[in-house]
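Hi,

Here's the structure I promised to pass on. Have a look at it first, then read my notes below.

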Amino acid sequence: MKRFLLSLVAIATLSLYSLAQAPESFNYQAVVRNAGGLILNNQTVGMRLTIQQGSIGGPAVYTETFSSTTNGYGLVNIEIGTGTSTDDFTIIDWANGPFFMETAVDVSGGTNYSVMGTSQLMSVPYAL
């Protein structure tokens, strides 16, 4: 009986701990256009996203790449933190900001990226 109660307490503790974890990624959407401003619909594009710390052009704390396909409206949906990277998204110290995200795209689907811009990442409240 002691073994059963101990097992039940251990399972309950682990279950509560696992529910309290924040996701290790966040969503990102962009409409992709070519140099002439035309929307690229249903086309494979290469993307490189770099999270910079402190200021625009600051040190890169995380860089990842994606090969994604735009939808009929030229929209691409990706999850930052799940792309191809040699960096570890989980060790970013978000309390040590501000952070900025540089977006670079290769409209031909390759890895010849052109920087499209950099913007500050702002916090968004949500419930776990």
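Predicted model: local features only at pLDDT ≥ 70, side-chain atom pairs only at ≥ 80, totals over all residues.

Residues are numbered from 1 along each chain as its sequence is written, and side-chain values use heavy atoms, with hydrogens and water left out.

pLDDT is the predictor's confidence in each residue, from 0 to 100. The protein averages 83, and 79% of the residues score at least 70. Among the elements, strand 2 has the highest mean pLDDT (94), while helix 1 (residues 2–19) has the lowest (58). Helices (H or I, at least four residues) and strands (E, at least two) are DSSP runs, numbered from the N terminus.

Now to strand 2 itself, residues 44–53, where you'll find Thr 50. Thr 50 has 6% relative accessibility, so it counts as buried (under 20% relative accessible area; exposed is over 50%, partly exposed in between, using a 1.4 Å probe and protein chains only). Leaving aside neighbours within four places in sequence, Thr 50 is in contact (heavy atoms within 4.5 Å) with Ala 60, Tyr 62, Thr 63, Phe 100, Met 101 and Glu 102.

Most residues other than glycine have a negative phi, and most peptide bonds are trans. Asn 42, in the loop between strand 1 (26–31) and strand 2, has a positive phi near 55°. Asn 42 is also exposed, at 55% relative accessible area. The peptide bond from Gly 97 to Pro 98 is cis, with omega near 10°. Pro 98 sits in the loop between strand 4 (75–80) and strand 5 (99–106).

Cheers
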